[in-house]
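Please take a look at the sequence and the structure below, and then we can walk through a few side chains together.

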Amino acid sequence: MVATKEKFFSPTKLSAQQKAATTHDAAMQIIDAEVSAREKKTQKLRQLRLEQEAAKPVVTEAAAPKGRKRKNAE
């Protein structure tokens, strides 16, 4: 088997538009994956919060304790 130039190097160079399109596609894939992961995490946390609030007993508001009154320093 003879090593030739064509096997190791692509015969044509990519244009700037092709490079930009490749970079754009890769960036969009990464961004989409991050958005998907963030939405999944948000949904999970929302569900856990709702379950926690549902399990929490209902507490009626008691009257606030009255504090000491300050004396006027006149």
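Let's start with a charged pair: the side chains of E53 and R49 form a salt bridge, with 3.6 Å from N to O. Please keep in mind that this is a predicted model. A search of the whole structure turns up one salt bridge.

Where do the two partners sit? Both E53 and R49 belong to helix α2, which covers residues 16-55. They are four residues apart, about one turn of the helix.

A polar atom of the Q18 side chain lies 2.9 Å from the backbone nitrogen of S15. Q18 is partly exposed too, with a relative accessible area of 41%.

| Residue | Relative accessible area | Class |
|---|---|---|
| Q18 | 41% | partly exposed |

Now for the chain as a whole. How many helices and strands does it have? The protein chain contains two helices and zero strands. Of its 74 residues, 0% count as buried; to be buried, a residue would need a relative accessible area under 20%. The accessible surface of the protein chain comes to about 8,300 Å². Carbon and sulfur atoms account for 57% of that surface.

Note on methods: Residues numbered from 1 in each chain as written. Predicted model: local features only at pLDDT ≥ 70, side-chain atom pairs only at ≥ 80, totals over all residues. Heavy atoms only, no water. Salt bridge = Lys/Arg side-chain N within 4 Å of Asp/Glu carboxyl O. Buried < 20%, exposed > 50% of the residue type's maximum accessible area, 1.4 Å probe, protein only. Areas by Shrake-Rupley, 256 points an atom, 1.4 Å probe, with all protein chains shown as cover. Polar contact = N/O pair within 3.5 Å; in protein donor to acceptor, adjacent residues only side chain to side chain.
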